[in-house]
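Hi,

Here's the structure I promised to pass on. Have a look at it first, then read on for what turned up.

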Amino acid sequence: LDTAQEIEEEKQSDMMHTASRFVANMKHDQNWADNFVWVHEQLYHKFPDIAFQIEIERGVEHLQRGDYLAAVKIFKSYEGQQEKYKTMVSINLSFFYFLEGNYKRSNEYADIAISTSKYNPYALVNKGNCLFIYEDYSRAREFYLEAIALQSTCFEAIYNLALTNARLGHTSEAIDSFTILHT
């Protein structure tokens, strides 16, 4: 494919994903998840990548609503499937296990996410969080800085960097990070 055709296909995919997300997010209080399931079913055969993204968004929505078991069930259903989904699933499972307090599993999934996509800022943040819990603040700081270098608006990394700098006694750097967040 030539570059113009690839760009056009990417635009169409982005538009399809945006439209699908819009339909899926038309929540009706009690049956909001049904919208996600319906959109996923409509896309699954012709647009499996977009269907996957919708399914992951459903899992994230479950997390935001406090339904952790449903979220993990969705994320785990993709565990060990296609390689291209491995990063996103690993990032979400790492985050879930971190919230659950299972730092060993969180660290394992953070490592998987980094091994499949070392340029994903959220994979780096998850790894930094695990290192922070294990009180390896210097290494955690490196991961947060790398995440910020990849995505300057990665607020999770900026906030965690501030906390890490505070733990390391780098007060002025911690204040600088908090100031960035405030502005």
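In other words, the protein has 10 helices and 0 strands. Keep in mind that this is a predicted model.

For a sense of scale, the C-alpha atoms fill a box of roughly 55 × 40 × 35 Å along the principal axes. The protein has 183 residues, and 38% of them are buried.

Rolling a probe the size of a water molecule over the atoms shows where empty space is left. The largest pocket comes out at about 640 Å³. It has 21 lining residues, and the ones closest to the centre are Val 60, Ile 91, Asn 92, Phe 95 and Tyr 122. Which helices give two or more residues to that lining? They are α1 (3–24), α3 (48–64), α5 (83–100) and α7 (121–133). Sorted by class, the lining of the largest pocket has 11 nonpolar, 7 polar and 3 charged residues.

The second largest pocket holds about 190 Å³ of space. Its lining is made of 12 residues, and Ser 13, Asp 49, Ile 50, Phe 52 and Gln 53 are the ones nearest the centre. Helices α1, α3 and α5 each contribute at least two residues to this lining. Here the classes split into 4 nonpolar, 4 polar and 4 charged.

Val 23 sits in helix α1. Patches only take residues with over 30% relative accessible area, and Val 23 is partly exposed at 33%.

Next, the charged pairs. Side chains of opposite charge can pair when their charged atoms come close.

- Arg 58 and Glu 55: their side chains meet at 2.5 Å, N to O. The two residues are 3 apart in helix α3, so about one helical turn separates them. Are they buried or exposed? Both Arg 58 and Glu 55 are buried.
- Arg 105 and Glu 108: the closest N and O atoms of this salt bridge are 3.1 Å apart. Both residues belong to helix α6 (residues 103–116), again 3 residues apart, or about one turn of the helix. Arg 105 is partly exposed at 30% relative accessibility, and Glu 108 is partly exposed with a relative accessible area of 30%.
- Asp 111 and Lys 127: in this salt bridge the closest N and O atoms are 2.8 Å apart. Asp 111 is in helix α6 and Lys 127 is in helix α7, so the pair ties together parts that are 16 residues apart in sequence. Buried means under 20% relative accessible area, so Lys 127, at 8%, is buried. Asp 111, at 35%, is partly exposed.

Over to you now. Enjoy exploring!

Cheers

Terms used
Residues numbered from 1 in each chain as written. Predicted model: local features only at pLDDT ≥ 70, side-chain atom pairs only at ≥ 80, totals over all residues. Heavy atoms only, no water. 1 Å grid on protein atoms, 1.4 Å probe; cavity = no way out; pocket = protein on both sides within 12 Å on 5 of 7 lines; lining within 4 Å. Points joined across faces, edges and corners; volume = space filled by probe spheres on them. Helix = DSSP H or I, 4+ residues; strand = E, 2+ residues; numbered from the N terminus. Nonpolar A, V, L, I, M, F, W, Y, C, P; charged D, E, K, R; others polar. Buried < 20%, exposed > 50% of the residue type's maximum accessible area, 1.4 Å probe, protein only. Salt bridge = Lys/Arg side-chain N within 4 Å of Asp/Glu carboxyl O.
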